[in-house]
Amino acid sequence: MLACGLALEGSAADRLPAGFLGSFVWQSDDARLGGLSGIEVSADGKRFVALSDRGGWTRGSFTRNAQGQITAITAQPVTLLRARGTAPLAGGRGDSEGLAIARDGTAYVSFEGRGLARVLRYDDLAGPAANLPSPPEFAALPLNNALEALAIGPDGALYTMPEGGGTESTPIPVWRYRKGQWDQPFTLPRLGAFLPVGADFGPDGALYLLERRFHGVLGFSSRVRRFVVRGDSADAGEVLLQTRPGQHDNLEGIAVWRDRDGAIRLTMIADDNFRFFQTTEIVEYRIPG
């Protein structure tokens, strides 16, 4: 299917490192396309995999103009994730939120839901799933504020964190999966009412955290922070981007890559919640190299 949209020019990040590159509204006649909460982008920025929060996924490619802005999307129909057998994930168990794909193609998907916070491994997203073990802390996560963000570090370790829990002064817990077990090596400082919804490790080895804040009728604002992770610790972080309420839709997924000019590119995708008044929007910002 081919989707058409408008790449918008301008700047939306006053006095912060990230500069606005473009926004593209993804429209499609696929009834399953929506609720997109995770995205992974190839190293050259041409191909992507997107994850829906209703247990579906799709892969496709971007068409870009000479300035590197997205002008069209070609994508496969949304396919439902499978459980261990051939059937799709059971009802109530398909609130898929975070997506991370390893260098060898292995895909990991994080979930939320009452008592259902977990991570599944897929050798192939079109194939059956395998459950990763879950630490007891996962079972205590809030119903709709569990494992939103998921990322793979330079060493191949898997990192995840919940959207909610605690107060505005409570640090964000980060869990790491490596060598068959989970640990909690560090926390990230929480700044105000923004909540974590997406994460990715960039080609520079840093952890990029996408956060959002809901402002009621004014819509959503988004923020991206960058952290240097070394072993079992992370630094205090740097704010790269913070948008005004309503500037973009409900950005939930982030992919970080380097463009041909050597700049870091942030590609983010919005969850339209399958509501007619929201949009499936892909937004890109650029951080000069």
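Q: Which residues have the most contacts inside the largest nonpolar core?
A: Tyr208, Val224, Ile254, Leu266, Met268 and Tyr285, in a core of 19 residues. A nonpolar core here is a set of buried Ala, Val, Leu, Ile, Met, Phe, Trp, Tyr and Cys residues joined through side-chain atoms within 4.5 Å. Buried means under 20% relative accessible area, exposed over 50%, and partly exposed in between, with a 1.4 Å probe and protein chains only.

Q: Which strands supply at least two residues of this core?
A: E17, E21, E22, E23 and E24 each do. E23 gives the most, with 4 residues. Strands (E, at least two residues) are DSSP runs, numbered from the N terminus.

Q: And which residues does the second core include?
A: Phe24, Trp26, Ala255 and Trp257 are among its 17 residues, and this core is separate. In soluble globular proteins, nonpolar side chains tend to be buried together.

Q: Before I go on, what kind of model is this?
A: This is a predicted model, where local features need pLDDT of at least 70 and side-chain atom pairs count only at pLDDT 80 or more, while totals for chains, interfaces and linings use all residues. Residues are numbered from 1 along each chain as its sequence is written, and side-chain values use heavy atoms, with hydrogens and water left out.

Q: Back to E23. How many of its residues are buried?
A: 7 of the 7 residues of E23 (residues 264–270) are buried, so the strand is largely enclosed by the rest of the structure.

Q: Which residues sit on which side?
A: Ile264, Leu266, Met268 and Ala270 are on one side, with Arg265, Thr267 and Ile269 on the other, and all are buried. In a regular strand the side chains alternate between the two faces of the sheet.

Q: How many bridges join E22 to E23?
A: 7, and E22 (residues 251–258) and E23 run antiparallel. Two strands pair if DSSP finds at least two bridges between them. Leucine 251 stands opposite alanine 270 in E23. In the hairpin of these strands, with 5 residues between them, glycine 262 takes a positive phi near 90 degrees.

Q: What about E23 and E24?
A: E23 and E24 (residues 281–287) are antiparallel too, joined by 6 bridges. Leucine 266 stands opposite tyrosine 285 there.

Q: Now the charged pairs. How many salt bridges does the structure hold?
A: 14. A salt bridge is a side-chain nitrogen of Lys or Arg within 4 Å of a carboxyl oxygen of Asp or Glu. One of them joins arginine 212 and glutamate 252 at 2.5 Å, N to O. That pair links distant parts of the chain, with arginine 212 in E17 (residues 207–214) and glutamate 252 in E22, 40 residues apart.

Q: Are arginine 212 and glutamate 252 buried or exposed?
A: Both are buried.

Q: What does aspartate 261 form a salt bridge with?
A: Arginine 286, with the closest N and O atoms 3.6 Å apart. Aspartate 261 lies in the loop between E22 and E23 and arginine 286 in E24, so the pair ties together parts that are 25 residues apart in sequence. Aspartate 261 counts as exposed because its relative accessibility is 60%, whereas arginine 286, at 28%, counts as partly exposed. Salt bridges that share partners join Arg64, Asp259, Asp261, Arg265, Glu284 and Arg286 into one network.

Q: And aspartate 259 with arginine 265?
A: Their closest N and O atoms are 3.3 Å apart in a salt bridge, and both residues are buried.

Q: Changing topic: where is serine 110?
A: In strand E9 (residues 107–111). Serine 110 is buried, with a relative accessible area of 0%. Its side chain reaches the backbone oxygen of leucine 147 at 2.8 Å.

Q: Last one: is aspartate 104 buried or exposed?
A: Exposed, at 64% relative accessibility. Aspartate 104 is in the loop between strand E8 (96–101) and E9. The C-alpha atoms of aspartate 104 and aspartate 123 are separated by 9.0 Å, with the two residues 19 apart along the chain.

Definitions and conventions: A polar contact is a pair of N or O atoms within 3.5 Å; within protein, one must be able to donate a hydrogen and the other to accept it, and residues adjacent in sequence count only if both atoms are side-chain atoms.
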